Amino acid sequence: MQGYQEQGYGSTSDERDFVNLNFASEYSENFPKILQALGISLVVSSYQSHALMLLRSRADTLNCSVKKFVRPMGLSVSEDRFLVSTVNRIVNFKASDMSRSSVVSGNLDDLDALATKLRDEQRDTTTFKQLRSEQISAIKQCDVLFTERSSLTTGTLNTHDIAWGDEGLWVVNSSFSCLATLSSENGFTARWKPHFISELRPEDRCHLNGMAMLDGKPRYVTTFNTKDQQDSWRTELNGTLIDVEKNEILLDGLSMPHSPRCHEGLVYFCNSGCGEVVSYNPTTKTRSVIVTLPGFTRGLTFFGDLMLVATSHVRATKAVSDISLSASHTERDTVCGIWVINKHTGAVLSNLKFKGDVSQLYDLCIIPNTTYPEMISGDDAISAHLYDYTQEVL
């Protein structure tokens with residue numbers, strides 16, 4: 001952690017396992033220039049690395065800020081809000097001008113100058129002070145600061161895609177093979193399941209994973225098969241794209257599909273086991289391969305004419321032994337990275353490749369209207385002295 005040590009379910013066994021990971025990357029010269037020109041930054045989750053990576057640009061240079069979470073997967077990002085799903089929680093961050101201003105003004109530079117009750121001899125060790133100082137320096141460089149405001153404990157739902165809708169926060173509850181909404185009153189409320197799933201049990205029966213929102217509601221999902229037995233997808237694959245409203249299978253025979261997204265009247269998704277991004281026209285019921293990449297495609301978003309896709313290394317496991325990507329590539333010659341694609345032609349315009357220990361990416365989101373954001377969690381040292389509040393008549 002970054003200041004407060006958290007021990008409990010889901011913690012990594014050794015802090016050094018995270019600290020010693022190599023997050024090195026190489027990228028096209030135009031990658032940071034594209035982010036800078038569009039006025040955006042990117043965030044990508046890596047459950048394998050227990051990390052979120054903020055990809056930021058300044059002066060034509062790319063910066064990767066790494067934030068530790070326990071098995072992060074689904075992301076939901078807007079201009080002023082940021083949510084991430086972890087092994088058993090959904091963590092909510094919100095942009096805070098107040099917190100950022102208090103740091104930028106220098107009011108928090110000197111810990112010893114704060115009120116006595118804001119200091120703690122047991123907590124404020126040399127290491128704590130050093131971390132706090134480093135985090136203050138990082139905040140002074142950012143243009144938007146996201147601070148942790150709340151979290152919901154869900155149990156291990158194996159939460160994949162998450163998204164805000166008209167009825168609150170929707171999540172893909174892979175453990176129970178359903179779509180659910182969350183609230184502070186209970187772990188989850190099951191709202192929809194595929195017609196071939198007979199009951200709600202934490203058995204990850206068909207590996208329901210992806211969710212595409214349309215007009216404030218879930219409209220399409222992806223699964224690995226249509227079986228109704230525990231972990232059936234680990235031995236038998238038959239991927240699907242399903243219409244949630246009709247509870248109807250639109251496409252089957254897909255290869256471990258992920259990341260369905262509604263965009264300009266089409267449904268895009270990653271046909272991951274083939275390294276493809278595919279578009280499906282729900283009116284004509286036709287599909288087209290937009291691009292094929294040298295990696296397990298998973299994580300997809302759009303900005304104007306651009307499509308951004310994440311890829312991961314293919315892994316040699318029983319579940320993926322028969323997919324075309326593993327037949328044509330080894331883990332070594334697949335790419336873990338991010339690709340900027342012309343969505344109309346499929347042409348690769350730019351890319352970033354992780355060259356160190358990062359091998360698996362899950363979700364990819366654009367953070368709008370910021371080229372150098374920063375995140376501070378409740379475990380960070382400086383969080384003890386950050387406030388975000390309103391006031392009534394005093």
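For these entries, strands are DSSP runs of E of at least two residues, numbered from the N terminus. I am working from a predicted model.

**Entry 1: Ser174**

I looked up Ser174 first. I found Ser174 in the loop between β10 and β11. Is Ser174 buried or exposed? Its relative accessible area is 0%, so I put Ser174 down as buried. I then listed what Ser174 touches, leaving aside neighbours within four places in sequence. Ser174 is in contact with Leu157, Asn158, His160, Asp204, Leu208 and Asn209. Ser174 and Asp204 are 30 residues apart along the chain, yet their C-alpha atoms are separated by 5.6 Å.

**Entry 2: Ser175**

Next I took Ser175. Ser175 sits in the loop between β10 (168-173) and β11 (178-181). I read a relative accessibility of 10% for Ser175; buried means under 20%, so Ser175 counts as buried. Which backbone atom does its side chain reach? I found the side chain of Ser175 at 3.5 Å from the backbone nitrogen of Asn158. Setting aside neighbours within four places in sequence, I noted contacts from Ser175 to Thr156, Leu157, Asn158, Arg201, Pro202, Glu203 and Asp204.

**Entry 3: nonpolar cores**

I turned to the largest nonpolar core, which has 23 residues. Which of them touch the most other members? I got Phe31, Leu42, Ile338 and Leu361.

**Entry 4: α3 against α4**

Last, I looked at the helix pair α3 (residues 97-104) and α4 (residues 126-141). How do they cross? Their axes come within 9 Å and cross at roughly 110°. Angles of 65 to 115 degrees count as roughly perpendicular, and I therefore recorded α3 and α4 as roughly perpendicular to each other. The crossing of α3 past α4 is left-handed. Which residues make the contact? From α3 I listed Arg100, Val103 and Val104. From α4 I listed Ile136, Ile139 and Lys140.

Terms used: Residues numbered from 1 in each chain as written. Predicted model: local features only at pLDDT ≥ 70, side-chain atom pairs only at ≥ 80, totals over all residues. Heavy atoms only, no water. Core = buried A, V, L, I, M, F, W, Y, C linked by side-chain atoms within 4.5 Å. Buried < 20%, exposed > 50% of the residue type's maximum accessible area, 1.4 Å probe, protein only. Helix = DSSP H or I, 4+ residues; strand = E, 2+ residues; numbered from the N terminus. Polar contact = N/O pair within 3.5 Å; in protein donor to acceptor, adjacent residues only side chain to side chain. Contact = heavy atoms within 4.5 Å. Axes fitted to C-alpha atoms, helices over the stretch in contact; angles between N-to-C directions. Parallel < 35°, antiparallel > 145°, perpendicular 65-115°, else oblique. Left-handed = near helix turned anticlockwise from the far one by under 90°.
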